[in-house]
Amino acid sequence: MDFVIRKGLDLKIAGEAADTMLENVLSDTIYVSPGDFRWLQPKLLVNAGDTVQVGTPLFCDKQDERIVVVSPVAGIVKEIVRGEKRVVQYVAISRDAEAPTHLQVPFDEPSDGRAIRALLLQYGLWSSLRQRPFAVIPNPDVRPKSVFVPCFDSNPLAPDYSILLRGQEDSFLRGLQILQMAAEDAPIHLCMRKGADNALFERANNVEKHYFSGPHPAGNVGTHIHHIDPIDKGETVWFIYPQEVARIGRFFAEHILQFGKTAALTGPEIRRTGYFTTVYGADLTALLNDNLTQENVRVISGSVLSGRKCQELPLLGFHDQQMTVIAEGGKREFLGWLLPGLKKWSLSRTFLAWLTPKRTYEVNTSLHGGRRAFMMTDVYDKVFPFDLMPLQLLKACEIKDIEQMEALGIYEVDSEDFALCELVCPSKKDCQRIVEEAAFELRIEN
């Protein structure tokens, strides 16, 4: 089935990843963070000084101790890094450079979905799955009504999935079969970019195939769910990225547990862009050394629209497939908006750069304005491809009016679906934070 997304926006940023492989990045210390898993309340299962192998559980979710996050490498737990109120920020692991980054796991072939879910939980692969609503790790006891695999990414500077999956084609197809069993025959939806290289995805059997065209957020899983299988209160949909499907497929096909992944290094402040292989939680400092155009930059794990700002160390998040580096803003400009702005992007054509539509822009973190109350405007509607009222929903989210949020469709959206609204917001509102905080209140209420 074909879907054409007409509302949205493609932000053209300089620094797209070149089709070249950079050096592998396996830092001496790996930092596994509970913060990579939304609202997970960690219960530590290791202490400083403990020896771990690939697949050793590091912490579990206090709400469901079957859900564990495991070590991606072999080594020794160096320290438990805590923040305010002793909240666990990272489990730091000193990697054993001589040990392999995979583990051979003997197990009997599972015969049903229950056995598959048990293996995924035991070896930390269950955390690769997330559910809508709320984008949290799903409850293993709740069957989804469908499973979505987004097979392209429309975010600025997004990686090419055909590069991310090189050499993993058979594992990916096997992973889809495993997902079908784990979801107990719920329909699997593969969502592809129309006109792209979809040869691998079109080889999949017993799945429903959909093709999307149009601007971002055409590649967001929220857009796919809204147009194919919308969510109502009490319903659950799973989603998972193709690389994680391939990881699951290799585990069941070859009995090999590994957490390696390919990601893209992108952004206007990167001298040499490209792709690299690593594990989640790796310190990417070595990859950035002598590869930045300036020192005052912001490193983002994920996309520039909805990624997470790296604080002290450039760490790749569990679910992220790109690192983006842009300049820090905050500098005042002489004459500001009075200049013609031949190199400045603007949705409203305030600057003359719109005369060169193929131009790419070197963006920074400046807000270009002050925060204020919500303004009545239709600017959100131009970039929000849902049959919902974004401004009214945001207002309901900000005041935590749960009944109004439900009436306006909160279960169909998540924070990343409002990234473009945040970008174009004339009030400079933190739209994504507002939606996430409201969703947290809603989940507690339910």
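## Charges over rings

R132 lies over the face of F239, at 5.9 Å from the ring centre. A charge counts as over a ring if NZ of Lys or CZ of Arg is within 6 Å of the ring centre and within 35 degrees of the ring normal. R38 is placed over the face of W39, with 5.1 Å to the ring centre.

The model is predicted: local features need pLDDT of at least 70 and side-chain atom pairs count only at pLDDT 80 or more, while totals for chains, interfaces and linings use all residues. Residues are numbered from 1 along each chain as its sequence is written, and side-chain values use heavy atoms, with hydrogens and water left out.

## Aromatic pairs

A search of the whole structure finds 15 aromatic pairs. Rings of Phe, Tyr and Trp (its six-membered ring) pair if their centres lie within 6.5 Å; planes under 30 degrees apart are stacked, over 60 edge-to-face, and the rest tilted. One of the pairs, F3 with F212, is stacked, at 4.9 Å centre to centre and 20° between the planes. F3 belongs to strand β1 (residues 2-4) and F212 to strand β13 (residues 208-213), so this pair ties together parts 209 residues apart in sequence. Strands (E, at least two residues) and helices (H or I, at least four) are DSSP runs, numbered from the N terminus. Both F3 and F212 are buried, where buried means under 20% relative accessible area, exposed over 50% and partly exposed in between (1.4 Å probe, protein chains only).

F37 and F318 make a tilted pair, with 4.8 Å centre to centre and 55° between the planes. This pair links distant parts of the chain, 281 residues apart: F37 is in the loop between β2 (29-32) and β3 (42-44), F318 in the loop between β19 (308-309) and β20 (322-327). F37 and F318 are buried, and together with F259 and Y280 they form one aromatic cluster.

## Helix α11

The 15 residues of helix α11 (residues 431-445) should span 21 Å at 1.5 Å a residue, and the end C-alpha atoms are 21 Å apart, which agrees. The expected span is 1.5 Å times one less than the number of residues.

Buried residues in α11 are C431, Q432, I434, V435, A438, A439 and L442. Down the helix axis they fall within an arc of 155°, so they line one face of α11; the arc is that of the directions from the axis to the C-beta atoms. Among the elements that cover these buried residues are α8 (390-398), α9 (402-408) and α10 (419-424), contact being heavy atoms within 4.5 Å.

## Cysteines

The structure holds zero disulfides, a disulfide being a pair of cysteine sulfur atoms within 2.5 Å. For C431 the closest cysteine sulfur is that of C425, at 4.7 Å, too far for a bond. C431 is buried at 0% relative accessible area, and C310 is buried at 7%.

## Backbone exceptions

Most residues other than glycine have a negative phi, and most peptide bonds are trans. The peptide bond from R132 to P133 is cis, with omega near 5°; P133 sits in the loop between β10 (130-132) and β11 (146-150). The bond from H216 to P217 is also cis, with omega near 20°, and P217 is in the loop between β13 and α5 (221-228).

A135, not a glycine, has a positive phi of about 55°. A135 lies in the loop between β10 and β11 and is buried, with a relative accessible area of 9%. E184 has a positive phi near 55°; its place is the loop between α3 (169-182) and β12 (188-193), and at 42% relative accessibility E184 is partly exposed.
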